[in-house]
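Here is a short report on one protein model. Look at the overall fold first, then at one pair of packed helices.

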Amino acid sequence: MTEIIEIYTDGACRGNPGPGGWGALMISGKHRKTIHGGETNTTNNRMELTAAIKALNALNGPRKVLLHTDSTYVMNGINDWLPRWKVRGWKTAAKKPVKNQDLWQALDEAIALHEIEWKWVRGHSGVPGNEEADALANQGIDEL
């Protein structure tokens, strides 16, 4: 593993549920890559997770990653809930099925390949990478 790849991810939804989009900005040295997409009937949380999954899966081979997200849902899941869900067989503390289990499992697979530092950023606060990821997520909705 060499250079750190910096990734900004964001999800957006117009209505919750409703049409949604996801976007990611990936920066490696002077190289920048953007990806985005959308779904016709989804939730904001699903789009936040999708953005992180798509960005990590777009990397070539194992990498060191600094991943920025404005989603407390993603941050809580990564830092707290995910290890417990796995131990409990994908059940919550209340013994209910985990919401968005399909995406949490896909994210769990994606993160296993990389060395990732997760960083929460306040959304819509002028952080350039986050603002660009937000614009990409909205572009994903607009292109539906």
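What share of the contacts in the protein with a separation of 6 or more comes from residues 24 or more positions apart? Such pairs account for 66% of those contacts. The model is a predicted one.

**Overall fold**

The protein has four helices and five strands. Read from the N terminus, the order is β-β-β-α-β-α-α-β-α. Buried residues make up 44% of the 144 residues. The C-alpha trace spans about 45 × 40 × 25 Å along its principal axes. The radius of gyration is 15 Å, which agrees with the value near 15 Å for a compact globule of 144 residues.

**Helices α1 and α3**

Two packed helices are described by the angle between their axes and the distance between the axes. Helix α1 covers residues 44-57 and helix α3 covers residues 101-112. Their axes lie 9 Å apart, at an angle of about 25°. That angle is under 35 degrees, so α1 and α3 are roughly parallel to each other. Their crossing is left-handed.

| Helix | Residues in the contact |
|---|---|
| α1 (residues 44-57) | Arg 46, Leu 49, Thr 50, Ala 52, Ile 53, Leu 56, Asn 57 |
| α3 (residues 101-112) | Asp 102, Leu 103, Trp 104, Ala 106, Leu 107, Ala 110, Ile 111 |

By class, this contact of α1 with α3 holds ten nonpolar, two polar and two charged residues. Arg 46 in α1 and Asp 102 in α3 are the charged ones.

Methods: Residues are numbered from 1 along each chain as its sequence is written. This is a predicted model: local features need pLDDT of at least 70, side-chain atom pairs count only at pLDDT 80 or more; totals for chains, interfaces and linings use all residues. Side-chain values use heavy atoms; hydrogens and water are left out. Axes are lines fitted to C-alpha atoms, for helices over the stretch in contact, and angles run from 0 to 180 degrees between N-to-C directions. Helices (H or I, at least four residues) and strands (E, at least two) are DSSP runs, numbered from the N terminus. Angles under 35 degrees count as roughly parallel, over 145 as roughly antiparallel, 65 to 115 as roughly perpendicular and the rest as oblique. A crossing is left-handed if the near helix is turned anticlockwise from the far one by less than a right angle, and right-handed if clockwise. Contact means heavy atoms within 4.5 Å. The radius of gyration is taken over C-alpha atoms; the globule rule is 2.2 Å times the number of residues to the power 0.38. Buried means under 20% relative accessible area, exposed over 50%, partly exposed in between (1.4 Å probe, protein chains only).
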